[in-house]
Amino acid sequence: MNQPNINEMRGLIARHKRWDIIFAIVGLVCLLVGILTLLALFGQLVAEGLPRLKPGFFISFPSRSAEEAGILSAWVGTTLVMLVTALAAVPLGVASAIYLEEYAPKNWLTAVIEINVTNLAGVPSIVYGLLALGLFVYQLDLGQSILSAGLTLALLILPVVIVATREALRAVPGSIREAAYALGATRWQMVSNHVLPYSQGGIMTGVIIGLSRAIGETAPIITIGALTFIAFLPHPPVTGEFPYLSFAWLKDPFTVMPIQMFNWTSRPEEAFQHNAAAAGVVLLGMTLLMNGVAIWLRYRIRKRIKW
Amino acid sequence: MSETGGNTLKAEARSLSFYYGDYKALKEISLPVHDRKITALIGPSGCGKSTFLRCFNRMHDLYPGNRYDGEIILHPDDVNILSPKVDPIEVRMRISMVFQKPNPFPKSIFENVAYGLRVRGVSKRSTLEGKVEQALRDAALWNEAKDRLHDLAFNLSGGQQQRLCIARALAIDPELVLFDEPTSALDPIATASIEELMLELKEKVTILIVTHNMQQAARVSDHTAFLYLGEVIEFNETKKIFTNPDKSQTEDYITGRFG
Ligand SMILES: Nc1ncnc2c1ncn2[C@@H]1O[C@H](COP(=O)(O)OP(=O)(O)OP(=O)(O)O)[C@@H](O)[C@H]1O
Ligand SMILES: [Mg+2]
């Protein structure tokens, strides 16, 4: 090739590369807009709430005086509701996903079910609240209790858990399934000895993403009638005498973190706004902690399993 | 029955056809598999070698739309393993398979080899340990693996992983072992060790192997079948196939003149 042509080509490449640079800058700006806004919000929340984040804040009930008020009933409520949510959503979601992915025949009925499961993830949470109010609170007479709230949120995150679990199951390569079958395994042996253990990481990640969504939900919980001011704790789950475990707490009234925050933000006094900010920091911390656990679990399991 | 040279047969395909949906991938194949011999399947890509091999452990049953026609008779009890009345799991308990790419489970070396036994309900530690050791010895992996039985199988090299898969297939005392291009992902040294291994194994077990490597077929097998477009073009003793084939197509393929 002769000289002038080469120069022309270089010019062309340089012109094309300009778009790389332009996009890199535009992309970075877009990214920063998002990240900086979030950081600013978080920073403001921390600055406002930090002075209130003393041990007393965690072990006090709400109170008429902002300085004495705390989040004891709220964080205990949130923890117990999340426990019920996880215990209900994990077995239901994982079993449904296994059925859909490994057992269900591929026909129009399962196709319809599949599409609906995906769509359910987009249903507004308040609709779940209404459904739960009718079903759990009145029909099944579970009351405005921790149990009702946990089951409501379990319904809410079920589609997330199902979709994530199916993806995790699908990530197990066909060659591993064939290896198990070729040794004479039944479908259940293949699933329970191989596919399920190998996809644990993905499943747990899905569950935790679901729980992180549930922990901040307010609307459905208000709909089923959580209290906004509660100055006592539910029955303790562990007791001093036989049989040591008690389930009375399931039927107790409760409040949760977002509701406590909502309650405080609607007060006119400035001091309560600081309480709300402090509770927000705690709620964010809980979410980050859960996500951290998810990342750690995934990392641990990935280290063992590489396809 | 087509017994050549007084050899007994381990299995026999009788006008076996196979369909992926409407596509007929195997066309009335009849082929004997001699007991405790190595039978090689050769032929150009897409001619149906893997499809044929996977009929022997009913692997095709795992996917919808597949259909068998004809029979594969397993001796000595003369059962047609393709019959819908025969449970594919029962077939897979008698006939094991080694795949093209090593596919160990993400478990320990020990658990990989023991899995087939566990599926068969063996759970006594001492029995498992004995069988695992024997299988690893048979697969020529014992010396390398004996000190790291509880290490992850993924930490082994590719060739070792394939020998592990062979050990896994042998641990269940199969009557017939299917190999689908077991060395195509391996380097020449690992390939040589697996070929050597197969020659030792045929003392105990019947082997049916798919290979793309003409030298490999010539080196290890006793009988060779040349498949083309889903049909058996020629079947004979390996020596005959490689020195003086009856069909010109076979000769063209073996000498690399196939177009
Ligand atoms: N799952 C499938 N569905 C439909 N057709 C298939 C399927 N698997 C294989 N086939 C077709 O069946 C024919 C035989 O395929 P097969 O995999 O048995 O060939 P092969 O001889 O093993 O080839 P290779 O040497 O490349 O592995 C091919 O034409 C292939 O396209
Ligand atoms: Mg093949």
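Mentor: Let us start with how two strands pair. In this predicted model, strand 1 of chain B, residues 9–20, runs antiparallel to strand 2 of chain B, and eight bridges join the pair.

Trainee: Which residue in strand 2 of chain B stands opposite Tyr19(B)?

Mentor: The residue opposite Tyr19(B) is Lys24(B).

Trainee: What is the strand order of the open sheet in chain B?

Mentor: A strand order lists neighbours across a sheet. Here the four strands follow the order 2-1-4-5, with antiparallel pairing. Strand 2 (23–34) and strand 5 (79–80) of chain B each have a single partner strand, so one side of each lacks a neighbour in the sheet.

Trainee: How many helices and how many strands does chain A have?

Mentor: Chain A has eleven helices and zero strands. Read from the N terminus, its elements are therefore written α-α-α-α-α-α-α-α-α-α-α.

Trainee: What radius of gyration does chain A have, and what would a compact globule of 307 residues have?

Mentor: The comparison sets the chain against a rule for globules. Chain A has 25 Å, whereas a compact globule of 307 residues would have a value near 19 Å. The C-alpha trace of chain A spans about 85 × 60 × 35 Å along its principal axes.

Trainee: What share of the residues in chain A is buried?

Mentor: With buried taken as under 20% relative accessible area, the share is 42% of the 307 residues in chain A.

Trainee: What is the volume of the largest pocket, and which residues are closest to its centre?

Mentor: The largest pocket has a volume of about 590 Å³. Its lining comprises 22 residues, and those closest to the centre are Glu102(A), Tyr181(A), Arg187(A), Leu62(B) and Tyr63(B). Helix 7 of chain A gives the largest share, four residues. By class, the lining of this pocket has eleven nonpolar, two polar and nine charged residues.

Trainee: Which residues lie nearest the centre of the second largest pocket?

Mentor: They are Ser175(A), Ile176(A), Lys101(B), Pro102(B) and Asn103(B), out of 18 lining residues. The second largest pocket holds about 370 Å³ of space. The classes here are eight nonpolar, five polar and five charged residues.

Terms used:
Residues numbered from 1 in each chain as written. Chains lettered and ligands numbered in written order. Predicted model: local features only at pLDDT ≥ 70, side-chain atom pairs only at ≥ 80, totals over all residues. Heavy atoms only, no water. 1 Å grid on protein atoms, 1.4 Å probe; cavity = no way out; pocket = protein on both sides within 12 Å on 5 of 7 lines; lining within 4 Å. Points joined across faces, edges and corners; volume = space filled by probe spheres on them. Nonpolar A, V, L, I, M, F, W, Y, C, P; charged D, E, K, R; others polar. Pairing = 2+ DSSP bridges. Rg over C-alpha atoms; globule rule 2.2 N^0.38 Å. Buried < 20%, exposed > 50% of the residue type's maximum accessible area, 1.4 Å probe, protein only.
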